[in-house]
Amino acid sequence: MVATEHILQDLNPPQREAVTAVEGPLLILAGPGSGKTRVITHRIAYLVDQEGVAPWRIVAVTFTNKAAREMRQRVFAHLGDRALDVALGTFHSICARLLRVEGERIGLQRSFNIYDDADQMAVIKRVTEALNIDPKKFSDRAILSTISRAKSELVDARTYAAEARDYFAEIVARSYERYQALLAENAALDFDDLILKAVTMLQEHESIREKYEERYLHVLVDEFQDTNLAQYELARILAGGHGNICAVGDPDQSIYSWRSADIRNILNFERDFPGARIVLLEQNYRSTQHILDAAHAVISGNRQRTEKSLWTDRGHGEPIVVFEAYDEGEEADFIAGEIARLTGVEAGPGDPGEPAWALRDFAVMYRTNAQSRAVEEALIRAGIRYQLVGGTRFYERREVKDVLAYLRLVHNPYDMVSLARVLNVPGRGIGTKTVQQLERWAQALGVPLYTALQILVAQESPEKQQSRPPQAPRHPAAARQAKAVVEFVEMLDELMDVAAKNNLSTLLDGVVERTAYRRYLYGEFDDGEQRWENVEELRNVAAEYDGLAPGNGLVSFLEDVALISDQDTLQEAPDDAPDAGRVTLITLHSAKGLEYRAVFMIAMEEGVLPHVRSFDEPAQLEEERRLAYVGMTRARERLYLLRAFKRYAMGASQHNPASRFLKDIPPELIAQRSAFADGSPATTAGRYREPARVDARPLVPEDAVFSGGEKVRHPRFGEGIVVSCRVANGDQELTVAFKGEAGIKRLLLSLAPLERL
DNA sequence: CGAGAATAGTTTTTT
DNA sequence: ACTATTCTCG
């Protein structure tokens, strides 16, 4: 009983209900910051400790691996080692594990590789080329995403073809079938297949279904608003026997409909699970009331929602700061300035009674990845450390992908995407022409590329080969290329041998050694050293799997790497970190589930947020609004909404009006700031006020604008004459010719203590 | 075959 | 503006 007290102690009444309602279906509608993760982890602890449920009979699904890890840690705090037995992971990782164990029953090879987006593109490209589909009329991307959507709705190629009505659907139907055939030949599954195959396997094989229905007594699903139909179906099947399913979500935070997330899952929950209990979590423990009110004002603009009002007892806090910058440079400089001011790098200590600000307390959020650039530049200029979440991802770097492709090949040599990638990397004289010839030859033989290469080896060395005289038509490669292929295949064989007997990092070393990969990087690329460091970094990751048995290490590693998400790369500096961490730069999508003391949302402009491509679809516009809501509710104490009068995008300068979301925020919640003197940005009617220059705090005093020919004095360099002056990122870069030894200097106006003479 | 130039497409979000 | 792919030449 003591333990119960402990588990339920610091929960509010609805939270407590959500934790203790263990029988039957339960839907928890949890507003941002309402202690959702807490409820899930406490519920698991309660099930184990109070209800006597064995940990391994609980399955909990999260959206990212990071969330899963975090949840595991928090369950660990309650249950200790028993937490390790809870089946906890993302839909994709859980399905991958399921398919590794049971997949052979549905004809899956145990060593299947998982294809990411780029791999999928490579496959679909082969498909559309083979089918002579004009890429100008139907882009590979469009076809692929249609296939993906079909899969997430549990529509297989056959069904899709039967339902295809228009010409595009015809094209997709043909591609879909071919695409699946090619994946099968490659012994590969794409992301959607992981879910789809797991579901169909459970549907069609009663014995397997019963096994898992029986095993899992309780099913928990986090971020339920972002599940697609296939994922929902999986959860439903697992909960089939007992109906003990607990789904946690917030319709207002549904931002992944483009990834086939289906908000109807929440609406259907009550229909599919009659008698489902519903618990609303409305008390917010994260943000100030001002932030909640502003966020509520924005989300209230959506028609398709059920009202849920958030409240806090944390007080009103500071007003929301809306800042109008001239361009994205100034916008970014403002952020750097605020961070510097609050962390006291520039000024004295912060407000009394307020804990000191550290870099880890700040996040900058944006709609598209490309927007991080200006912010990064400003932070670098200001000497502020930051971490970029997502962006150019580590696992998408060329050198990393190359080495991974070798490892994937060792694991599954039929993976033709990986094979084609590294057959001539590092260059071994097997050019595109030869590869094409070989691929065509393999196709004519009706065998996977790897098998074809093996036949080639056999044909090249008849003396070693008595058992099976080569009946296949002779390979088309020229002597020199054939020799290179033989060497490649032999190398691969050796590596497979290494893999069977050694741990993962030894295998990786073997790959790098035998391909002379380091020499290749240094020889081919100017930034070879940097690239080599990335390979070393990959090796560090691999070394974490050295404890596993030879085969298992490779499988787990490849699986984890394939299913890694942007958020998973997020570093969190512990509160007592000596360096106070870093500022986080992150997209609004990736920011879901996170929180920061201060949040800067940039580019609050029509066309950016809401994004221009959402304009013609009311449903999409509502999703943009939810995205804004998600961003705003990440903030605990301070929320800054920024916009720029002028912004460069795709090479051209744009003038975007203020976002409609800004206008939805009651003016009394806002402290307006503006740094530019123009005074005439696109004015729009509404409650939103255009910048008043009242409390402007420009980084560069307006009277400090210099022009050529003016005389100035610098404390160190002495007197000089301004040669030129150009505007750069809201600052001005001056070229000054000083008298005497100093000579010609370039100075930033904001930094240089210049005095006009 | 490889290197460098020309050109096309891209940018909304990602497991 | 930037990257990735295709084209062209040595």
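This is a predicted model: local features need pLDDT of at least 70, side-chain atom pairs count only at pLDDT 80 or more; totals for chains, interfaces and linings use all residues.

Reader: What is the overall make-up of chain A?

Author: Chain A comes to 27 helices and 21 strands. Of its 757 residues, 54% count as buried. The chain exposes about 34300 Å², and carbon and sulfur atoms supply 49% of that.

Reader: How many disulfides are there, and how do you know?

Author: The structure holds 0 disulfides. Take Cys95: the nearest cysteine sulfur is that of Cys246, 19 Å away. A disulfide needs the two sulfur atoms within 2.5 Å, so at 19 Å Cys95 is in no disulfide. Cys246 is in no disulfide either, the nearest cysteine sulfur being that of Cys95.

Reader: Is Cys95 buried or exposed, and what makes it so?

Author: Its relative accessible area is 1%. Buried means under 20%, so Cys95 is buried. Cys246, with a relative accessible area of 1%, is buried as well.

Reader: How do you know what span to expect for helix α19?

Author: Helix α19 covers residues 432–445, which is 14 residues. The expected span is 1.5 Å times one less than the number of residues, and for α19 that comes to 20 Å. From first C-alpha to last, α19 reaches 20 Å, close to expectation.

Reader: Which residues of α19 are buried, and what puts them on the same side?

Author: The buried ones are Thr434, Val435, Leu438, Trp441 and Ala442. They cover an arc of only 125° around the axis, so they sit on the same side of α19. As a general point, an α-helix has 3.6 residues a turn, so residues three or four places apart point the same way. The face turned away from the buried side of α19 carries exposed residues: Thr432, Lys433, Arg440, Gln443 and Ala444.

Reader: What do the buried residues of α19 pack against?

Author: They pack against α20 (449–460) and α21 (479–501). Just after α19, Gly446 takes a positive phi of about 70°.

Reader: What makes something a nonpolar core here, and which residues have the most contacts inside the largest one?

Author: The label goes to buried nonpolar residues joined through side-chain atoms within 4.5 Å. The largest such core has 58 residues, and those with the most contacts inside it are Leu404, Leu407, Phe488, Leu507 and Phe557. Helix α21 gives the most to this core, with 11 residues. A second, separate core of 42 residues includes Val61, Leu189, Phe224 and Ala276.

Note on methods. Residues are numbered from 1 along each chain as its sequence is written. Chains are lettered from A and ligands numbered from 1 in the order in which they are written. Side-chain values use heavy atoms; hydrogens and water are left out. Buried means under 20% relative accessible area, exposed over 50%, partly exposed in between (1.4 Å probe, protein chains only). Helices (H or I, at least four residues) and strands (E, at least two) are DSSP runs, numbered from the N terminus. Accessible areas come from the Shrake-Rupley method with a 1.4 Å probe; for residues, only the protein chains shown count as cover. The arc is that of the directions from the helix axis to the C-beta atoms. Contact means heavy atoms within 4.5 Å.
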